[in-house]
Amino acid sequence: MAEYLFHSNWIELIKGRDIFLFFDFDGTLVPIMKNPDDCYLSDKLKIILQQLNNKIKIGIISGRDLKDLRKRISIRGLYYCGSHGLQIESPEIKYINPDAERLIPYINEVYRKFKKLTDKFAGMLIEKKEFSFTIHYRQVKPEKRKELKKLFFDMISKYKGNYIKVLNGKMVFEILPAVNWNKGRAVSFLANNFQNKHYPVFIGDDITDETVFSEINDRGLTIRVGNSKKTMAKYFIRNQGEVYKFVTIMNEVLNV
């Protein structure tokens with residue numbers, strides 16, 4: 001079971017290390033909103049991250065498109081990882097997963113089919129991205145959600161496995177190319193992509209972030225936003241608001 005971060009010795013774990021600090025975006029750096037278009041990094045977090053970015057490497061890894069992610073954070077010099085790490089851009093690196101690129105036509109085909117059903121489920125939002133699309137059903141009436149899920153999985157059955165994969169998030173389905181790549185592999189790729197390997201620190205809140213927790217648990221610091229008996233993270237913080245407390249303390253520790 002995860003330990004509450006601020007009752008632990010986590011500060012000792014980061015002292016004297018070359019840290020690579022990674023964050024999920026929605027639910028971690030910003031609260032989850034009914035409309036994902038309303039999410040932007042707060043000014044107070046932006047100031048702290050800019051200060052930290054002068055001391056350590058910082059990566060943001062999200063299911064959002066790379067361009068969309070950059071727009072909502074707008075800090076130069078970060079490592080931006082869009083589409084669960086299928087797209088990565090930084091001052092030193094530009095990466096696009098080649099296998100995922102080849103499967104984009106299948107993603108688009110499924111998207112066009114399901115988009116026709118938007119009117120059938122009031123409150124459903126379909127968010128199209130370059131490498132994927134996301135179905136948000138938080139605002140769909142509870143009695144209609146079962147029907148939506150059945151229709152969706154029936155529709156994708158012939159594509160699933162060979163061409164697409166589905167990630168279940170917090171009241172969302174994320175439809176991605178069926179490639180052997182995820183947030184965890186992207187974090188490892190970046191943390192090991194320098195002459196001196198870095199100590200990875202990752203904070204996330206969703207099911208998709210468990211791939212990072214399991215990937216780096218034996219060699220990094222893993223923190224979940226909100227506790228869960230099922231999480232692979234070693235530590236947790238109580239809510240998204242405590243992310244600011246964490247980065248503020250880290251900024252002070254790195255000043256010493």
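Me: Leaving out residues up to four places away in sequence, what does V187 touch?

Reply: V187 touches F22, I61, P200, V212 and I216, where contact means heavy atoms within 4.5 Å. This is a predicted model, in which local features need pLDDT of at least 70 and side-chain atom pairs count only at pLDDT 80 or more, while totals for chains, interfaces and linings use all residues. Residues are numbered from 1 along each chain as its sequence is written, and side-chain values use heavy atoms, with hydrogens and water left out.

Me: Is V187 buried or exposed?

Reply: V187 is buried, because its relative accessible area is 0%; buried means under 20%, exposed over 50% and partly exposed in between, with a 1.4 Å probe and protein chains only.

Me: Which helix holds V187?

Reply: V187 belongs to helix α7, residues 183–191. Helices (H or I, at least four residues) and strands (E, at least two) are DSSP runs, numbered from the N terminus.

Me: How many residues of α7 are buried?

Reply: In α7, 7 of the 9 residues are buried, namely K183, G184, A186, V187, S188, L190 and A191. They pack against β2 (19–23), β3 (57–61), β4, β5, β11 (199–204) and α8 (210–216).

Me: Changing topic, where does S83 lie?

Reply: S83 lies in the loop between β4 (79–82) and β5 (87–89). S83 counts as buried because its relative accessibility is 0%. Apart from neighbours within four places in sequence, S83 contacts S62, G63, R64, D65, F131 and L176.

Me: Now α5: which of its residues are buried?

Reply: The buried residues of α5 (residues 104–115) are I104, I107, V110, Y111 and F114. They lie on the same side of α5 because they cover an arc of only 125 degrees around the axis, taken from the directions from the helix axis to the C-beta atoms.

Me: What covers them?

Reply: The cover includes α4 (98–102), β7 (125–128), β8 (133–136), α6 (142–156), β9 (164–168) and β10 (172–177).

Me: At what angle do α5 and α6 pack?

Reply: The angle is about 145 degrees, with the axes 11 Å apart. Axes are lines fitted to C-alpha atoms, for helices over the stretch in contact, and angles run from 0 to 180 degrees between N-to-C directions.

Me: Which residues make that contact?

Reply: V110, K113 and F114 of α5 meet L148, F152, M155 and I156 of α6.

Key:
Expected span 1.5 Å × (residues − 1).
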